[in-house]
Amino acid sequence: MKLEVSMSLFDKMADHDHEQVVFCHDESSGLRAIIAIHNTTLGPALGGSRMWPYETENDALQDVLRLSRGMTYKAAVAGLDLGGGKTVIIGDPKKDKSEALFRALGRFIEGLNGRYITAEDVGTSTTDMANIQRETAHVRGCSAGAGGSGDPSPVTAYGALRGFQAAVRWQLGTDELKGLRVALQGCGHVGYYLAKQLSDAGCELVVTDIDEARSARLKEECGAVVVDTDAIYDQECDVFAPCALGAILNSDTIPRLKCKVIAGAANNQLATDADGVALAERGILYAPDYIVNAGGLINVYHEGPNYNREMVMEQVSRLYETTLEVFRLAKEHGLRPEDAATRLAENRIAEVGRLRRIHRS
Ligand code: NAD
């Protein structure tokens, strides 16, 4: 695997003002990971560890830079005292995992001395977090037995449902989800729980996943119609809910969409800024990903001896109001929702950042 150097690493970091990028290598466990810390103005950088068989090192680097920046904005709009960071592990989660690999990563994270805190993400699990925890305390989302709050996905899915409801309210003028047709991409941890809640609310589901067993489970449990992975973009539906990977809203897929609203949990859904423009031109309302998928982050933020699930769910439920606030701000200032969300985040980072000049001894 070669790193394509069309732009220098420092130029890439400067492009979105990243603070630190750490390359982690351990020959014997096979660990190849990149930790990116985007911004720590509001607090330590928190973001999950993603394990994925990236085709090139450049793809892994691009992903970690984009994801860590998204975490900064997600924490800022959610009102948390956290910065944004992320880890990507280059490898196949079905074949390349071991205790040693995650412990090696844990030791690198420990070396950052609390500037970065990790958690679960695509391709990693609470078991992997437990192995990281053997080497560092800077990890969240461990199982309840290990002092954590367990898999954050159900909480993320609940927040995504609240964001989904707000987007339906704004675009379709109703709080009633019954009878809506939803095309859902990715039936993994979050997608599964979101699909179950939508089905309980009376939505008709069309689903897809590259892992057929996962979509089949929703067919069995919710009567979802299963389609091929590429066919999901052509479905006649009210809402498209992306819950797999990023960059799926792009120049190939947007012209094919037959929905009025996009609201789902996947990170980095828009491939480029121009794709946000294309959605707006088509009159499709986009609920910014990091607003509606903040539930898991809110959950792990509150982990600790005073963790209270009910209080967490109440805060997550307020993502309905936050999503509506983003749409209102967008309307008021003639912005697209993703730009309004960025404005909210950057305002909070600047305001709280300014407080640093007040010395606390
Ligand atoms: P997951 O790995 O459990 O699920 C992802 C699913 O998408 C898998 O079932 C995978 O097979 C499927 N998939 C991958 N590529 C696909 C494609 N092209 N077409 C159809 N299906 C495809 O991951 P998850 O934890 O459910 O996370 C899903 C998304 O939500 C990710 O983008 C993640 O970053 C984001 N997210 C997750 C959380 C959380 O709490 N888990 C929090 C915030 C954001």
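This report describes a strand hairpin and a ligand site in a predicted model.

## Basis

The model is predicted, so local features need pLDDT of at least 70 and side-chain atom pairs count only at pLDDT 80 or more, while totals for chains, interfaces and linings use all residues. Residues are numbered from 1 along each chain as its sequence is written, and side-chain values use heavy atoms, with hydrogens and water left out.

## The hairpin

Strands β1 (residues 20-26) and β2 (residues 31-39) pair in the antiparallel sense through seven bridges. Strands here are DSSP runs of E with at least two residues, helices are runs of H or I with at least four, and both are numbered from the N terminus; pairing requires at least two DSSP bridges between two strands.

His25 has Arg32 of β2 as its bridge partner. Four residues lie between the strands of this hairpin, and Gly30 takes a positive phi near 80 degrees.

## The ligand site

Around the ligand are 23 residues, of which Thr156, His189, Asp209, Arg214 and Ala244 come nearest. A residue counts as near if one of its heavy atoms lies within 4 Å of the molecule. Helices α5 (153-172) and α6 (189-200) are the elements that give two or more residues to this shell.

A polar side-chain atom of Asp209 is 2.6 Å from a ligand oxygen. For polar backbone atoms, the distance to a ligand oxygen is 2.7 Å at Ala244 and 2.8 Å at Val190.

Terms used. Polar contact = N/O pair within 3.5 Å; in protein donor to acceptor, adjacent residues only side chain to side chain.
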